[in-house]
Amino acid sequence: YPAALPTVSSLGREEVFRHHLHSVKQSLYILTGGSSAALTSLNKALSEDLWKSLRAGDGMGYDSSLRGIVPAGIDVQRVPVRMYVSDWDETGPDRCLQRPVEPFLGEVGKRGVRSSLQHVLEEWLGPGLLHSGSSKRRVMRCTVQGVTVPMDAVMADLWEWLMHPDLFLYVNVVLGDK
């Protein structure tokens, strides 16, 4: 992971737009299970409207453009998640993980227990990191969009409420010994 990210001014607006559009396409592919319907709905005019409203801070315009791509009540096939894991005392390496998350545990396509943040953390980082009695390092804080979220939060709900404008759910995890 880079020590410093390039600024928007050094990249140029067109390059940032292309990167954003690429992330939106990635998340749409994950959300719909590869459905071409969602990807084909992202035409040039709609993607430019989405970008313009995002740059202008026009939440209503962005939501309107987004609903042209992802209709309300979509049957989410997988939740697009990007996770940043860091150490409280900066002793361990920072990690960036990106994987699709099944909205339900168990067999793919069968509805069962809804996948929670705890399930994802245990699967991605290992079960020992969630228990305070463990001698290992443990999860001290977990935030999404700056909001501390409980471990039993349902991933599909977190995505719906706190997704980033590129339709990914960005989860920040801080590990420590305390």
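1. In this predicted model, 64% of the contacts in the protein with a separation of 6 or more are between residues 24 or more positions apart.

2. The protein contains seven helices and five strands. Along the sequence these elements are arranged in the pattern α-α-α-α-α-β-β-α-β-β-α-β.

3. Of the 178 residues of the protein, 39% are classed as buried. The accessible surface amounts to about 10300 Å², and 53% of that surface belongs to carbon and sulfur atoms.

4. Helix H5 spans residues 59–69, and its buried residues include Gly61, Tyr62, Ser65, Leu66 and Ile69. These residues lie on the same side of H5, because the arc they cover around the axis is only 130 degrees. Met60 and Ser64 are exposed, and they sit on the face of H5 that is turned away from the buried side.

5. Strand S1 covers residues 79–87; eight of its nine residues are buried, and the strand is therefore largely enclosed by the rest of the structure.

6. Two pairings of S1 deserve attention. With strand S2 (residues 95–101), S1 pairs in the antiparallel sense over seven bridges; within this pairing, Val79 stands opposite Val101 of S2. With strand S5 (residues 169–176), S1 pairs in the parallel sense, again over seven bridges. Here the bridge partner of Tyr84 is Asn172 in S5.

Note on methods: Residues are numbered from 1 along each chain as its sequence is written. This is a predicted model: local features need pLDDT of at least 70, side-chain atom pairs count only at pLDDT 80 or more; totals for chains, interfaces and linings use all residues. Side-chain values use heavy atoms; hydrogens and water are left out. Helices (H or I, at least four residues) and strands (E, at least two) are DSSP runs, numbered from the N terminus. Buried means under 20% relative accessible area, exposed over 50%, partly exposed in between (1.4 Å probe, protein chains only). Contact means heavy atoms within 4.5 Å. Accessible areas come from the Shrake-Rupley method with a 1.4 Å probe; for residues, only the protein chains shown count as cover. The arc is that of the directions from the helix axis to the C-beta atoms. Two strands pair if DSSP finds at least two bridges between them.
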